[in-house]
Amino acid sequence: MSKTSRSNLRRNLTGGVLGAFALTALIIAVTAVRAGAAEEAVVIPPPSIDETTSAKTEKAVFAGGCFWGVQGVFQHVKGVTNAVSGYSGGAKETASYETVSGGKTGHAEAVEVTYDPSQISYGQLLQIFFSVAHNPTQLNFQGPDHGTQYRSAIFTLSPEQKKVADAYVAQLDKAKVFPDKVVTEVANLKGFFTAEAYHQDFLTLNPDYPYIVYNDLPKIENLKTVFPETYRDKPALVSQAKG
């Protein structure tokens, strides 16, 4: 979502300005219609190599445009115990929505995914990320949202994660499963900073919000269709996460 729309949203959600909220929703709906709804899912092969771990809990961090939709997708994946919206790529001091929206902090809107590797692997999460969560060929934008804060990125937590992610990007490009080159940045995670409370579980809490309807709910349907074996109807919400 554009800086103006998201800034208005922040004021609306925290200040209760219902008239402005309705106007913002209308503007976003018109923008979404003009820009087109969410990207269609692309059926892609699984990664040729995957992470090997005996850990009971692992984390992964993904950025693919507005974090509402990316969070929503991973919350509906079996084996995911939590998915938190936040910021990665920049300094802790600039990790706030108002600052990140300026596009000059180095941060990307990101989602930290906590998962059980005995139920879902890192490679499977990558496959879902590239297939239904976003369009990895759009450089510094996703749909109606433009700026480096909406870039496609994978922030890796270990050398093995980076190896798997780099290899998968190369694999997908070689297979030419997308019409354009994959522009996803693969970088070591320097820090993940949780976003403001009003951004958490936004898709589930606001299913009728126009931006969600046009851009994000189709991603959930794509997940259900393309990955029926990993889809779960009840999302893993931040508000219900343990620990």
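1. Let's start with a pair of helices. Helix H3 passes helix H8 in a right-handed crossing. Please keep in mind that this is a predicted model. H3 covers residues 67-75, and its axis lies 9 Å from that of H8, at an angle of about 25°. That angle makes H3 roughly parallel to H8, because angles under 35 degrees count as roughly parallel.

2. Now for the residues where these two helices touch. From H3 come Trp-68, Gly-69, Gly-72 and Val-73, and they meet Tyr-211, Ile-212, Asp-216, Lys-219, Ile-220 and Leu-223 in H8. Sorted by class, this contact has six nonpolar, two polar and two charged residues.

3. H8 (residues 210-226) has another neighbour to look at: the axis of H5 (residues 122-133) comes within 10 Å of the axis of H8, and the two cross at roughly 125°. That makes H5 oblique to H8. The crossing of H5 with H8 is right-handed.

4. Which residues form the contact of H5 with H8? On the H5 side they are Ile-128, Ser-131, Val-132 and Ala-133, and on the H8 side Lys-219, Asn-222, Leu-223 and Val-226. Five of the residues in this contact are nonpolar, two are polar and one is charged.

5. Is H5 enclosed or open? Eleven of its twelve residues are buried, so H5 is largely enclosed by the rest of the structure. Among the buried residues are Tyr-122, Leu-125, Phe-129 and Phe-130, and the list also includes Ile-128, Ser-131, Val-132 and Ala-133, which meet H8.

6. Have a look at His-134 next, in the loop between H5 and strand S4 (141-142). His-134 counts as buried because its relative accessibility is 4%, and the cut-off for buried is under 20%. A polar atom of its side chain lies 3.0 Å from the backbone oxygen of Phe-129. The side chain of His-134 also makes a polar contact of 2.7 Å with the side chain of Ser-152. Leaving aside residues up to four places away in sequence, His-134 touches Ala-63, Gly-64, Phe-129, Gln-142, Ser-152 and Thr-184.

7. Finally, step back to the whole protein. The secondary structure comes to eight helices and eight strands. The protein has 243 residues, and 52% of them count as buried. Among contacts with a separation of 6 or more, 81% are between residues 24 or more positions apart.

Conventions
Residues numbered from 1 in each chain as written. Predicted model: local features only at pLDDT ≥ 70, side-chain atom pairs only at ≥ 80, totals over all residues. Heavy atoms only, no water. Axes fitted to C-alpha atoms, helices over the stretch in contact; angles between N-to-C directions. Helix = DSSP H or I, 4+ residues; strand = E, 2+ residues; numbered from the N terminus. Parallel < 35°, antiparallel > 145°, perpendicular 65-115°, else oblique. Left-handed = near helix turned anticlockwise from the far one by under 90°. Contact = heavy atoms within 4.5 Å. Nonpolar A, V, L, I, M, F, W, Y, C, P; charged D, E, K, R; others polar. Buried < 20%, exposed > 50% of the residue type's maximum accessible area, 1.4 Å probe, protein only. Polar contact = N/O pair within 3.5 Å; in protein donor to acceptor, adjacent residues only side chain to side chain.
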